Each structure stands twice: as C-alpha cells, then as structure tokens.
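Here are a few notes to read alongside the model.

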Amino acid sequence: MKALFDRPADLSRLRFSLGVLGIVVAAAFFVWLLAGWLGWVPSMVDVFGVAGVRTPAAITVAALLLAALSF
C-alpha cells in the first residue's frame, strides 16, 4: 500500500496551506463584521438574522481551529 504522503515536506506544505485557508476564511468574516458596523456593507444581522448569526460565527471558529491545528 502506498503512503498518502511520500515525504514530510508534502505534509508540511498541505498543513501550511490549510492553515492559510483557515486564516483567510476567518479574516473575511472579521472584515465583513467591521465593515458592517461602519455601514459600508450589509450587517451580518441584516443578512443572516439574529438567530442566523450563529452560522458565520461557527464557520469562523471552525476556520480558526483548522488554522490552529495546521500551524
């Protein structure tokens, strides 16, 4: 059976890419939050509703956890 990753460098590159992806996703929601507070874009509450704000919060937390595990 062939190994999933032949070299440790492949695993390191994948982990780095996943970490960067997690940071980018979390940063996108954070920027949207700040821009919504300033009135430049629709607020997350306007888009998702009060109960639906849990969805972007969950995505942000999951992305930060992915980044933390990757780095």
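1. First, a definition: buried means under 20% relative accessible area, exposed means over 50%, and partly exposed is in between, with a 1.4 Å probe and protein chains only as cover. This is a predicted model, in which local features need pLDDT of at least 70 and side-chain atom pairs count only at pLDDT 80 or more, while totals for chains, interfaces and linings use all residues. Residues are numbered from 1 along each chain as its sequence is written, and side-chain values use heavy atoms, without hydrogens and water.

2. Buried in α3 are P56, T60, A63, A67 and S70. They lie on the same side of α3, because they cover an arc of only 95° around the axis (taken from the directions from the axis to the C-beta atoms). The face turned away from that buried side carries the exposed residues R54, L65, A68 and L69.

3. Now look at I23, in helix α1. I23 counts as partly exposed because its relative accessibility is 43%. It touches A67 and F71, leaving aside residues up to four places away in sequence; contact means heavy atoms within 4.5 Å. I23 and L64 are 41 residues apart in sequence, yet 6.4 Å apart in space, C-alpha to C-alpha.

4. Finally, W40 sits in the loop between α1 (8-38) and α2 (44-48). W40 counts as exposed because its relative accessibility is 67%.

Key. Helix = DSSP H or I, 4+ residues; strand = E, 2+ residues; numbered from the N terminus.
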